[in-house]
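Subject: Handover of a structure and notes on it

Dear colleague,

I am writing to hand over the structure shown below. Please look through it alongside the notes that come after it.

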Amino acid sequence: MTGDAPSDAERKMQFLYTLRSKGVMDARTLTAMEKVDRGLFVTGHFADKAYEDMPLPIACGQTISQPSVVGLMTQALNVQPRDKVLEIGTGSGYQAAILSHLARRVYTIDRHARLTRPARALFDKLNLSNVTVVTGDGSRGLPEQAPFDRIIVTAAAEDPPGPLLAQLRMGGIMVLPVGQSDTVQSLIKVTREPEGFDYEELLPVRFVPLLEGLAQE
Ligand code: SAH
């Protein structure tokens with residue numbers, strides 16, 4: 001080993017190795033994550049930490065999630081190529097960019113226009129033309145595009161929001177953190193079965209809270 005900074009290839013190998021070591025085993029998830037450079041979604045002071053497995057601050061007091069948590073959520077969502085996916089909490093756009101490589105169509109909503117605008121510009125630049133970015137209150141879902149095959153929520157609510165459960169297609173899967181915002185939350189997987197909703201607890205996580213209404217600029 002020399003003291004030189006790692007090459008892009010070394011950094012990528014280390015990044016994928018860390019994901020696997022944290023339980024991200026699904027080949028399609030790993031391939032999609034390999035295609036998305038997290039460095040493009042982290043700007044400013046923390047740009048040099050973009051390839052580390054840690055959450056990082058983004059604008060508006062929000063955070064881009066830890067890559068291994070993004071991987072575990074994406075894996076649990078089990079997106080199929082024909083799927084229409086809804087994400088609540090665009091943030092940096094990193095999770096949506098990964099989903100765009102797995103799904104037919106991705107809708108992503110954030111309550112901050114200061115986050116949706118740069119995310120939309122980045123998707124355009126990366127030619128991720130199957131992603132639609134909406135500024136709005138995602139706790140109401142996106143009724144005009146419902147039902148969804150998959151829903152992923154990247155901010156924590158006390159319980160799964162009713163409108164999101166209602167907008168999940170039969171057989172569909174929703175992955176979301178639930179719990180009090182300032183304590184430990186659980187990542188859960190909800191599957192809509194003909195008999196009702198099935199709930200599975202996946203792992204403890206910590207997300208920013210799901211807030212109601214549009215943010216003031
Ligand atoms: N998925 C993001 C990380 C999201 S952080 C990424 O890959 O970078 C959580 C985001 O949820 C924040 O940007 C916050 O503004 C947003 N959020 C919180 N409550 C919301 C709501 N009701 N509707 C839409 N977005 C919301």
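The notes below take up the helices, the ligand, and then several individual residues. Please bear in mind that this is a predicted model.

Helix α1 comprises residues 8–21. The buried residues in α1 are F15, L16, T18 and L19. Viewed down the helix axis, the buried residues of α1 fall within an arc of 155°, and they therefore line one face of the helix. The face turned away from that buried side carries the exposed residues A9, M13 and Y17. The cover over the buried residues of α1 includes α2 (27–35), α3 (67–77) and α4 (94–100). After α1 comes G23, which has a positive phi, near 105°.

Residue S68

S68 is located in helix α3. Is S68 buried or exposed? Its relative accessibility is 4%, and because buried means under 20%, S68 counts as buried. The side chain of S68 makes a polar contact of 2.8 Å with the side chain of D53. Apart from its neighbours within four places in sequence, S68 is in contact with L19, K22, V24 and D53.

Helix α5

Helix α5 has 13 residues and reaches 18 Å from its first C-alpha to its last, close to the 18 Å expected at 1.5 Å a residue. Within α5, the residues A113, L115, T116, A119, L122 and F123 are buried. What covers them includes α4, β4 (105–110) and β5. The residue N127, with a positive phi near 60°, follows α5.

The ligand

Which residues come nearest to the ligand? Of the 27 residues around the ligand, they are S92, D110, D137, G138 and L211. A backbone N or O atom of L211 lies 2.5 Å from a nitrogen atom of the ligand. For T154, a polar side-chain atom is 3.1 Å from a ligand nitrogen atom. In the case of R111, a polar backbone atom is 3.3 Å from a nitrogen atom of the ligand. On its own the ligand has 580 Å² of accessible area, and the protein covers 99% of this.

Backbone features in the loops

Most residues other than glycine have a negative phi, and most peptide bonds are trans.

N78 is not a glycine, yet it has a positive phi of about 50°. It lies in the loop between α3 and β3 (84–88). With a relative accessibility of 35%, N78 counts as partly exposed.

N127, also a residue other than glycine, has a positive phi near 60°. Its place is in the loop between α5 (113–125) and β5. N127 is exposed, its relative accessible area being 65%.

The peptide bond from A146 to P147 is cis, with omega near 5°. P147 is in the loop between β5 (131–135) and β6 (148–153).

Residue G141

G141 is likewise placed in the loop between β5 and β6. It is buried, with a relative accessible area of 7%. G141 and I88 are 53 residues apart in sequence, while their C-alpha atoms are 7.7 Å apart in space. Leaving aside neighbours within four places in sequence, G141 is in contact with L86, I109, L164 and Q167.

With kind regards

Technical notes
Residues numbered from 1 in each chain as written. Predicted model: local features only at pLDDT ≥ 70, side-chain atom pairs only at ≥ 80, totals over all residues. Heavy atoms only, no water. Helix = DSSP H or I, 4+ residues; strand = E, 2+ residues; numbered from the N terminus. Expected span 1.5 Å × (residues − 1). Buried < 20%, exposed > 50% of the residue type's maximum accessible area, 1.4 Å probe, protein only. Arc of directions from axis to C-beta. Contact = heavy atoms within 4.5 Å. Near = heavy atom within 4 Å. Polar contact = N/O pair within 3.5 Å; in protein donor to acceptor, adjacent residues only side chain to side chain. Areas by Shrake-Rupley, 256 points an atom, 1.4 Å probe, with all protein chains shown as cover.
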